[in-house]
Amino acid sequence: MEVSKDRVDAATFEELAMPLFDQLYNFAHWLTQNRDEAEDLVQETYVKALKGFSSFQPGTNFRAWIYRILRNTFLTSRTGLRATMTVPLDAEEDDATMPVASGNPETIFLGRASQELVQGAIAELPVHYREVLLLCELEEMSYQEIAEALAVPIGTVMSRLSRARGALRDILRQKLGGG
């Protein structure tokens with residue numbers, strides 16, 4: 001009995017892609033600032049990646065390949081095209097995902113306030129800075145992986161990351177009244 005190439009490809013794709021689902025969703029949520037749009041973006045990314053899996057070169061970086069598909073899908077979507085940078089996260093959605101915190105009410109409040117402050121500042125960054133910062137800091141990708149995922153030179157990754165960190169620092173200073 002012969003196993004079809006399509007079945008082997010689908011099994012290989014599943015083996016490579018499924019462990020990345022949560023990471024892709026988190027990145028998509030940061031980009032879209034909307035849970036429903038992030039879910040749609042990840043779903044569309046998986047559909048495109050599976051359809052185009054024959055173009056993936058075995059032995060190369062699958063993670064960077066699928067992140068590039070997600071990014072390109074985002075950039076061509078309605079959300080990506082309008083790329084609003086100041087959409088606040090919905091407070092009700094945040095509360096539902098907050099882990100149970102230990103400590104007194106004051107430390108819990110300060111922790112959540114700091115998290116909201118940083119999330120808001122990241123949301124204000126232009127998309128090309130936000131995506132590099134998130135891939136580096138949250139997804140812990142190497143500069144090379146980021147360069148592959150975004151299809152830009154590694155020097156551009158380093159430059160954007162430096163500028164993103166500087167812009168984030170400036171936004172946080174401004175928000176904290178440090179001018």
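Analyst: Let's open with a helix pair: α9 and α10 are roughly perpendicular to each other, a label used for angles of 65 to 115 degrees.

User: At what angle do α9 and α10 pack, and how far apart are their axes?

Analyst: Two packed helices are described by the angle between their axes and the distance between those axes. The axes are lines fitted to C-alpha atoms over the stretch in contact, with angles running from 0 to 180 degrees between N-to-C directions. Here the angle is about 100° and the axes lie 9 Å apart. Y143, Q144, I146 and A147 of α9 make the contact with I154, V157, M158, L161 and R165 of α10, where contact means heavy atoms within 4.5 Å.

User: What should I know about the model itself?

Analyst: This is a predicted model, in which local features need pLDDT of at least 70 and side-chain atom pairs count only at pLDDT 80 or more, while totals for chains, interfaces and linings use all residues. Residues are numbered from 1 along each chain as its sequence is written, and side-chain values use heavy atoms, leaving out hydrogens and water.

User: How many helices and strands are there?

Analyst: Both are DSSP runs numbered from the N terminus: helices are H or I with at least four residues, strands E with at least two. The protein has 10 helices and zero strands.

User: Which residues have the most contacts inside the largest nonpolar core?

Analyst: In soluble globular proteins, nonpolar side chains tend to be buried together. A nonpolar core is a set of buried Ala, Val, Leu, Ile, Met, Phe, Trp, Tyr and Cys residues joined through side-chain atoms within 4.5 Å, and buried means under 20% relative accessible area with a 1.4 Å probe, protein chains only. The largest core here has 46 residues, and L24, Y46, F62, W65, I66, Y67 and L70 have the most contacts inside it. Its largest share, eight residues, comes from α4.

User: Is α4 mostly covered or mostly open?

Analyst: Mostly covered: 11 of its 14 residues are buried, including R63, R71 and T73. Across the protein, buried residues make up 38% of the 179 residues.

Technical notes:
Buried < 20%, exposed > 50% of the residue type's maximum accessible area, 1.4 Å probe, protein only. Parallel < 35°, antiparallel > 145°, perpendicular 65-115°, else oblique.
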